[in-house]
Amino acid sequence: MDIERRNNITVTGNPEGPTVVLAHGFGCDQNMWRLTVPALVEDYRVVLFDYVGSGRSDLSAFTRDRYASLDGYAQDVVEVCEALDLKDAAFVGHSVSAMIGVLAAQAAPARIGALVMVAPSPRYIDDVDYRGGFSAEDIDELLLSLESNYLGWSSAMAPLIMGNPDRPELGEELTNSFCATDPEMARVFARTTFLSDSRDDLKAVGVPTLVLDCAQDVIAPREVGAFVQRAVPGSKLITLDATGHCPHLSAPEATNEALTTFLSGLR
C-alpha cells in the first residue's frame, strides 16, 4: 500500500533538522496547522498528514473495522513513521490525536521520542472522580445528532468548539472543515473519539511530554489537562491564554511559543 498517498503525507522544512509530526483532530485536516508550520520550518523537518477520511486522504482505504478504535488510527501513524523511516520524532497531536500519539508511541517507541498534546482528552464522559466535561447522555445526544444530520450538526457545533464568537471567521473555517469531511467516515471517527477511554494508557508514556490546554475550552475543560499532566510521568502542563478547542488557530503565537520552547529543550 502507498502510505504516502493514503495519508496525503507532506514533508517540508529543514531536511537536516529533528522531525516534528503534526497530527490534526476530528473533522480537520493538515491545513489546520498552517499557522504553526512557519514557526518550525527553519529548524525542523515537518511532517503533516491526513487521517483516512479527512482532507485529501485516500478514501478507498477506509474500513469501518479498522477505524472503530483509536488503535486503527495509531497504526496509521506508525505506518506513516515507517514509510518515512522516522526516528525519535516529536509527535504533536491536537485533541483526539494526542491520545492517538500515546498509542503510536507505545507501539513504535523508536519512532516517536516526544509528545506534545494540544487540548487533549483521554475520556470525554464524566466518571467517578473524573470530569471529562460530558455526561453519558450528553455524548449519546451528540452522536445521535451527528449521525442523523452531520452537516447540520457541523454548522451548529463547530463554532461552539472553536469558541471566540467575536471572531466568527474561525468558527466558519472549522465548520467548512467539518463539512468537507466524508460524513460516513466522520460518523465512525466521532463515535471512536467520543466513546474512547485512554486514561490507563497515559501511565505508560515514557517520553518527554508537553500538555497544552486552554483557559476556556468546552470540549476539554482545564480539569482534563490537569488530569493528563498528573497521569503522564514527568510531563509539563502549560495553560495557554486561549479560548476554544483549537489554540493553534485562535492563539497561534502563544501555541507556537510553548511548542518551540519545548522542542528546543529536546535538542
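Let's start with Arg199, whose charged end sits over the ring of Tyr130, 5.0 Å from the ring centre. For a charge to sit over a ring here, NZ of Lys or CZ of Arg must be within 6 Å of the ring centre and within 35 degrees of the ring normal.

A quick word on what we're looking at. This is a predicted model, where local features need pLDDT of at least 70 and side-chain atom pairs count only at pLDDT 80 or more, while totals for chains, interfaces and linings use all residues. Residues are numbered from 1 along each chain as its sequence is written, and side-chain values use heavy atoms, with hydrogens and water left out.

Now to the aromatics. The whole structure holds 14 aromatic pairs; rings of Phe, Tyr and Trp (its six-membered ring) pair if their centres lie within 6.5 Å, and planes under 30 degrees apart count as stacked, over 60 as edge-to-face and the rest as tilted. Phe49 and Tyr51 make an edge-to-face pair, 5.0 Å centre to centre with 85 degrees between the planes. Phe49 and Tyr51 are both buried, and buried means under 20% relative accessible area, exposed over 50%, with partly exposed in between (1.4 Å probe, protein chains only). Tyr67 and Tyr73 have ring centres 4.8 Å apart and planes at 50 degrees, so that pair is tilted. Tyr67 and Tyr73 are buried as well. Ring pairs join these residues into a cluster whose members include Phe26, Phe49, Tyr51, Tyr67, Tyr73 and Trp153.

On to two helices. Helices (H or I, at least four residues) and strands (E, at least two) are DSSP runs, numbered from the N terminus.

Which residues of H4 are buried? They are Ile139, Leu142, Leu143 and Leu146. Seen down the axis, the buried residues of H4 fall within an arc of 95 degrees, so they line one face of the helix; the arc is that of the directions from the helix axis to the C-beta atoms. The face turned away from that buried side carries the exposed residues Glu137, Asp140, Glu141, Leu144 and Ser148. Helix H5 (150-162) and helix H7 (183-194) are among what covers the buried residues of H4, with contact meaning heavy atoms within 4.5 Å.

In H11, the buried residues are Pro252, Thr255, Asn256, Ala258, Leu259, Phe262 and Leu263. These cover an arc of only 165 degrees around the axis, which puts them on the same side of H11. Glu253 and Glu257 are exposed on the face turned away from the buried side. The buried residues of H11 pack against several elements, including strand E2 (19-23), strand E4 (89-94) and helix H10 (247-250).
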